[in-house]
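Please open the model in your viewer and follow the selections below in the order in which they are given.

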Amino acid sequence: MKDLPMTRPEKLGFSSERLGKLDRFLATRYIEPGRIPCAQVQISRRGELVHETLLGQADRERGKALATDTVFRIYSMTKPITSVAFMMLVEEGLVALDDPVSRFIPEWKNLGVFAAGMTPQFMTTPPTRPMQMIDLLRHTSGLTYGFQNRGNVDAAYRKLKIADTHGLDFDGFVAELAKLPLEFSPGEAWNYSISTDVLGVLVERISGMPFQKFLQTRIFDPLKMTDTGFQVREEQRARFAACYNATPTGALTLQDDPETSPYLTAPNFHSGGGGLVSTSKDYMAFCRMLGNGGVLDGQRLLAPKTLKLMASNHLPGGQDLTALSRSLFSEATNAGVGFGLGFAVTFDPVKAMLTSSPGEYYWGGAASTAFWIDPVEDIQVVFMTQVLPSSAYPIRRELRTLVYSALVEP
């Protein structure tokens with residue numbers, strides 16, 4: 001990807017003075033008190049970079065300042081990339097959204113729904129309908145995450161270390177899940193889950209190409225996302241950020257040292273739900289491709305109609321996450337917010353109490369990273385930091401307010 005030209009904000013409807021308030025807010029509220037180690041914000045409009053914030057340290061242990069090319073763990077911001085990969089196969093006619101998942105994962109043909117019991121002895125009932133591909137994309141599959149800590153199925157995920165996939169290959173991952181029941185019948189509820197990891201398995205099985213190679217050749221290479229992958233390469237190590245845990249007192253403790261991180265070695269399991277590292281520049285290229293109807297710098301990944309479908313609310317009955325969610329995931333309880341094919345979709349900003357546009361779509365990662373795309377205003381925003389958990393601070397909602405308060409002209 002070519003470097004985005006930095007343009008004068010006023011040329012594209014932004015106020016320089018108000019964008020300065022965004023930087024001061026992040027500095028005084030979060031960086032100077034030590035609540036987060038760093039903050040990088042990129043704001044793009046109509047193909048030009050309007051503003052970039054660089055604050056704090058990428059590695060507090062070694063006093064390394066944040067740089068424009070710092071490499072971050074993006075965790076669940078991997079999910080939209082995996083979803084795009086899957087939809088590329090849909091466009092090729094190799095799979096359909098209403099196909100049963102068992103078409104390509106026959107090991108799951110007889111999955112039941114939890115009724116009672118504990119691992120390994122579960123009582124189940126048949127699902128009202130088979131799990132479909134669309135259920136994986138919109139998190140209505142009946143799968144879960146062990147960290148939800150709500151019931152017996154979550155406990156079984158933890159016992160079998162379903163989220164700790166480093167020792168498994170894709171076939172082993174699928175086989176372990178075949179031992180467990182679904183939390184609910186597909187399509188009946190929304191639950192944040194390992195569904196997108198399953199999409200990674202499907203991309204590999206349907207395409208006949210290793211999942212990581214598919215992402216590299218079909219997405220990263222065309223978009224020139226040269227710093228994005230499942231491993232921090234040798235030449236990237238000096239740019240790799242440290243990751244921290246937020247403490248109840250507002251301080252930070254080191255969670256993952258960039259000099260000893262598991263990301264320095266190639267994983268056995270390439271997690272489509274949370275395994276990638278990237279940079280703001282790379283992820284902005286991905287966001288601009290989405291915002292531009294599936295094409296960037298002459299490289300088309302998807303058709304505009306496909307992107308429009310992905311960025312529509314697909315929750316059954318047009319419901320929002322407040323009505324349908326069973327997840328304890330704290331940022332997935334918004335009124336007026338639905339879920340599309342790979343990301344959340346704001347369809348009613350008034351109900352969501354968000355300064356945004358109808359049709360805005362977004363997601364984030366466990367280390368508090370985030371992005372959003374506003375198709376009405378043609379704005380893309382990428383935010384990078386490295387603080388777990390993402391619910392520690394309301395920084396994502398604050399960023400929306402500050403960015404939109406700086407947009408003063410159409």
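Begin with Ser278, which is found in strand S9 (residues 277–278); helices here are DSSP runs of H or I with at least four residues, strands are runs of E with at least two, and both are numbered from the N terminus. This is a predicted model, in which local features need pLDDT of at least 70 and side-chain atom pairs count only at pLDDT 80 or more, while totals for chains, interfaces and linings use all residues. Residues are numbered from 1 along each chain as its sequence is written, and side-chain values use heavy atoms, with hydrogens and water left out.

Ser278 has a relative accessible area of 0% and is therefore buried, where buried means under 20% relative accessible area, exposed over 50% and partly exposed in between, with a 1.4 Å probe and protein chains only. Leaving aside neighbours within four places in sequence, the residues in contact with Ser278 include Phe72, Asp227 and Tyr283, contact meaning heavy atoms within 4.5 Å.

Next select helix H5 (residues 170–177), of which 6 of the 8 residues are buried, so that H5 is largely enclosed by the rest of the structure. Among the buried residues are Phe170, Phe173 and Leu177, and the buried residues of H5 pack against helix H4 (152–159), H6 and H7. At the start of H5, look for a side-chain oxygen of Asp169, which reaches to within 3.3 Å of the backbone nitrogen of Asp171.

From there, display H6 (residues 195–207) and H7 (residues 211–223), which pack at an angle of about 80 degrees with their axes 8 Å apart; the axes are lines fitted to C-alpha atoms, for helices over the stretch in contact, and angles run from 0 to 180 degrees between N-to-C directions. The residues making this contact include Gly200 and Val203 of H6 and Phe211 and Phe214 of H7.

Finally, select Arg326, whose place is in the loop between helix H10 (321–324) and strand S12 (337–339). Arg326 counts as partly exposed, at 40% relative accessibility, and, not counting residues up to four places away in sequence, touches residues including Arg150, Glu183 and Trp190.

Technical notes
Polar contact = N/O pair within 3.5 Å; in protein donor to acceptor, adjacent residues only side chain to side chain.
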